[in-house]
Amino acid sequence: MSIQLDQAHTTAMPIATAAGSACSGAPWKASIVAELAEVVRNEAVNAEYRHLVVNCSEEAAAAQPGQFFQLLCPQPAGEQPFLRRPMSLYGADPDRRQVEFLYKVTGAGTRGLDTLKPGDRLDIMGPLGVGFALDPGWRHIVAVGRGAGLATLAPLARAARANGAQVTAVFSARRPDLLVSVDLFHRHRADVIAVTDSEQTSGPANVERILRRLIADGRCDAFFTCGSSRLMRVQQRLAREVGLPGQVAMEQQMACGIGLCYCCVRDFNVNGEIVNRRVCWDGPVFDLMEALP
Amino acid sequence: MSAASNVDLSVSIGGLTLRNPVMPASGTFAEGLEKVMDFNRLGAFVTKTITRELRAGNPLPRVVERPGGLINAIGIPSKGVPYFIETIMPHYAAYDTPLVVSISAPTAEGFASLAAELSIPGVAAIEANISCPNIEEDGKAFAMRAESTQKVTRLLRTATELPLWVKLTPNTGDVPEVARAAEAAGADAVVVANTILSMAIDLKSFKPCLGNIMGGLSGPAIKPIVLRQVFQCAKAVKIPVIGCGGISTADDAIEYMLAGASAVQVGTATFLQPAAMTTIIDGLEAFCLRRETPRVADLIRGVIIEEADEPDLAWLDPVS
């Protein structure tokens, strides 16, 4: 098996193209900026997750579903996080010029985020990466997520609705009280099917039963997923069996976030060949069928 | 800003004139930065290191952070020479900025043949990354010793007429001696230095934090160490020294130039502030304006050492 480094290819049209890249002639303008955003809110939404909203530039607020930001987290007492932290976009509002993030406090960076209060400044850099792409022909899409993946999938609810597609979300969590984004999906008239470990409904066999029913009902033109390798494999199997497209948002430890350092590479299976891609630059959203757990 | 201020930011590096002394460090630069900064503002482009063989790179994790810096072990993933010439080079042709190509090879002959193959129109200089393992010397990096540095530099010199920059390692006891060897063998400049060999261990798993076990430390943590090496090398050689190690701000760049650097490379800082290089260029110009220094080149080797202040190196170095 040969190993290659390759650019990612997306099959469907991007929801919107990110701001244009520089070309000689026209005056140059940055399309990725690091800026000091103003914290609007930073509050717990449940026992695990916190919701961070910041005022930002027009460029940052133009972020698309599936894209991410690199946050330069404040230093919590006694710790010195050095690198920026990648954080997937939870929501973007171009009119109010705001972006939103959903995070769980797990390390030095997120402990730093936890200290932010309304009015504080946070250095955010983005929008970064290749986001989800919605084919205008899709009438029903299915979003399957677990853990932080629910936050990454959240902006799809609004985008799909704007695109005329009905969304069914299959959300997995350890307990019902740890589910996030459910209200947000409901607000955008999506159906939400919650499965949890505590109710013993989150196993791959049950999720597969749910997905098969959605496919049989004609309610699944494409899969969108994030946050669970197990659930990704279920969707890959079904997608192959039925011939459905799909996209997965991948996670990886990152350093630069803009394709320079090759710290965040993952293997992808492209027509039987193992290809190395950068999650930050070629992704984080990839073709479901090419992703490897 | 340059037009209005009349500060001359240009520097000359072994026959190559750069519009300013600020360029990326190899491995921290790619086309993606085009979305962040105007490429026509940089002093030069420096590519990721190219090898003849296709390389996948090291196992993950490839990076771990530590206070004041990061340790990386990327492993020089490379898609080879044809890919570079056909896919990467055209991208930089649109800009009026010299392209410096970083190369590496496992043997001295490999270095020479790669330099010859890449001495083509569009390439302004070759930067030989000789901090990589030399398979002819049990994997010890070329730049660890003066002899192996002299051998590889001499072969490189015969292989290319382009300006030849030799990038040294900080992980050897006598960097100025290695710099002298590079100069004697015909290098047009030395880049001082590279990352500092390091390690980190995870206290939960008891395992090394990096897939490659060891890696190279970069960032503000290493600046005082490499600054000292630049100072020593600039005293040891007449060819230009290009400083590289923990430069994040214009003040850092100025300190390096005062220590003897004719130009600087910026790497890890770009990971934290993607526009770090252009911010540093603006800061250099502002500093020169403030100090009424007409040319940034006037800062090079500008450190003032009074006779009585000469360091007693024998006393400082616990080894000798």
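Biologist: What makes residues 33-128 and 131-254 of chain A separate domains?
Modeller: The domain assignment of chain A gives domain 1 (33-128) and domain 2 (131-254). Such bounds come from an automatic or database domain assignment. This is a predicted model: local features need pLDDT of at least 70 and side-chain atom pairs count only at pLDDT 80 or more, while totals for chains, interfaces and linings use all residues. Residues are numbered from 1 along each chain as its sequence is written, and chains are lettered from A and ligands numbered from 1 in the order in which they are written.

Biologist: How do you know that domain 1 of chain A touches domain 2 of chain A?
Modeller: By contacts: two residues qualify if their C-beta atoms, placed from the backbone, lie within 7 Å. By that test, 17 residues of domain 1 of chain A meet 14 residues of domain 2 of chain A. On the domain 1 side, β5 (85-88), β6 (91-93) and β7 (98-104) of chain A each supply at least two residues. Strands are DSSP runs of E, at least two residues; helices are runs of H or I, at least four; both are numbered from the N terminus.

Biologist: What makes a set of residues a nonpolar core?
Modeller: The members are buried Ala, Val, Leu, Ile, Met, Phe, Trp, Tyr and Cys residues joined through C-beta atoms within 7 Å. Buried means 20 or more other C-beta atoms within 10 Å of the residue's own; exposed means 12 or fewer, and partly exposed lies in between, with C-beta atoms placed from the backbone. The largest core here has 198 residues, and Phe111(B), Val190(B), Val192(B) and Val230(B) touch the most other members. Helix α3 (residues 149-162) of chain A gives the most, eight residues.

Biologist: Where does this core lie relative to the two domains of chain A, and how do you know?
Modeller: Both domains give residues to this core, so it lies between them.

Biologist: How do you know that the length of helix α6 (residues 223-236) of chain B agrees with its residue count?
Modeller: The expected span is 1.5 Å times one less than the number of residues. For 14 residues that should be 20 Å; the end C-alpha atoms are 20 Å apart, so the two agree. Its buried residues include Val226(B), Leu227(B) and Val230(B). Among the elements covering them are α5 (175-184) and β12 (189-192) of chain B.
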